[in-house]
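Dear colleague,

Please find below the structure that I am handing over to you. My notes on it follow directly after.

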Amino acid sequence: MGTAEEAIIRYHTVCASIAKAAASVGRPADAVTLVAVSKTHGEEAILPVIEAGQRVFGENKVQESQGKWPSLKARFPDIELRLIGPLQSNKTADAVALFDVIESVDREKIAREIAKEMTKQGRAPRLYVQVNTGEEPQKAGILPTEAVAFVERCRTEHGLTIEGLMCIPPAEENPGPHFALLRKLADEASVEKLSMGMSGDFETAVEMGATSVRVGSAIFGARDYGAEPAQ
Ligand SMILES: *Cc1c(COP(=O)(O)O)cnc(C)c1O
């Protein structure tokens, strides 16, 4: 798992790689937000990265996040917490209450529940629509052919502002075509932000226009989990 010192070194290396990839295509480094994916890691692993200056974090499970983030957010009020994993409708209220950004809006029912909770709680997390660019049956996300119409329905029927699109390309494939597809769909849907790129491919994503990259193991080291599904 590695020590705090190693995590800090890796964190700075990732920041430098993002800046370099951005510069290689003439983008400023601050055009890309690093989302540090801290799933499976406890406060002792997260705190050193916060203290090194990182403020945007991603988690894939609502319940796990409720265990560790409320106290960290209270101590560091400028932290931005993003939900990057699939959202079940019975967890929507909790997700709207805790997260600043929800990147996994992917179906009508969730859009409706989020809209309802936003009104009820008077909170407005920023929203991304997740697109299943590889059309993988086991993976969450709206199909590419339905994405533009879905974004439009989020706006017109649910009154939601969709800030961006998010994708997780198939593990075995070259991610480039998936990043290009996400960018094209974002253009068609008039959506500004692109959440794409993980530890293995974030430089490529930055070169292809990612406005945020979600990087876990390249910062925190390998995750130690038993039976976590690959998602
Ligand atoms: C876990 C996860 C990541 C980070 O994966 P790494 O390969 O460790 O960088 C990014 N996005 C999502 C949706 C994840 O669940």
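Helices (H or I, at least four residues) and strands (E, at least two) are DSSP runs, numbered from the N terminus.

Please note that the model is predicted: local features need pLDDT of at least 70, side-chain atom pairs count only at pLDDT 80 or more, and totals for chains, interfaces and linings use all residues. Residues are numbered from 1 along each chain as its sequence is written, and side-chain values use heavy atoms, with hydrogens and water left out.

Helix α2 spans residues 43–51, and its buried residues are Ile46, Leu47, Pro48, Val49 and Ile50. Here buried means under 20% relative accessible area, exposed over 50%, and partly exposed in between (1.4 Å probe, protein chains only). These buried residues of α2 pack against α1 (4–24), β2, α3 and α9 (217–220).

The structure holds one aromatic pair. Its members are Phe57 and Trp69, which are tilted, at 5.0 Å centre to centre with 45 degrees between the planes. Rings of Phe, Tyr and Trp (its six-membered ring) pair if their centres lie within 6.5 Å; planes under 30 degrees apart count as stacked, over 60 as edge-to-face and the rest as tilted. Phe57 belongs to strand β2 (residues 56–59) and Trp69 to helix α3 (residues 62–75), 12 residues apart. Both Phe57 and Trp69 are buried.

The ligand

Of the 12 residues around the ligand, Lys39, Ser199, Gly216, Ser217 and Arg223 come nearest; a residue is near if one of its heavy atoms lies within 4 Å. By class, this shell has five nonpolar, four polar and three charged residues. Ala, Val, Leu, Ile, Met, Phe, Trp, Tyr, Cys and Pro count as nonpolar, Asp, Glu, Lys and Arg as charged, and the others, Gly among them, as polar.

The protein buries 93% of the 390 Å² that the ligand exposes when taken alone (Shrake-Rupley method, 1.4 Å probe; for residues, only the protein chains shown count as cover). A polar contact is a pair of N or O atoms within 3.5 Å; within protein, one must be able to donate a hydrogen and the other to accept it, and residues adjacent in sequence count only if both atoms are side-chain atoms.

Loop residues

Thr211 sits in the loop between α8 (202–207) and β8 (212–215), and counts as buried because its relative accessibility is 16%. A polar atom of the Thr211 side chain lies 2.8 Å from the backbone nitrogen of Leu194. Not counting residues up to four places away in sequence, Thr211 touches residues including Arg27, Val32, Glu192 and Leu194, where contact means heavy atoms within 4.5 Å.

Leu143 is in the loop between β5 (126–131) and α6 (144–156), and is partly exposed because its relative accessible area is 32%. Glu135 is found in the loop between β5 and α6, and has a positive phi near 50 degrees.

Ser190, in the loop between α7 (176–188) and β7 (193–195), has a positive phi of about 55 degrees although it is not a glycine.

With kind regards
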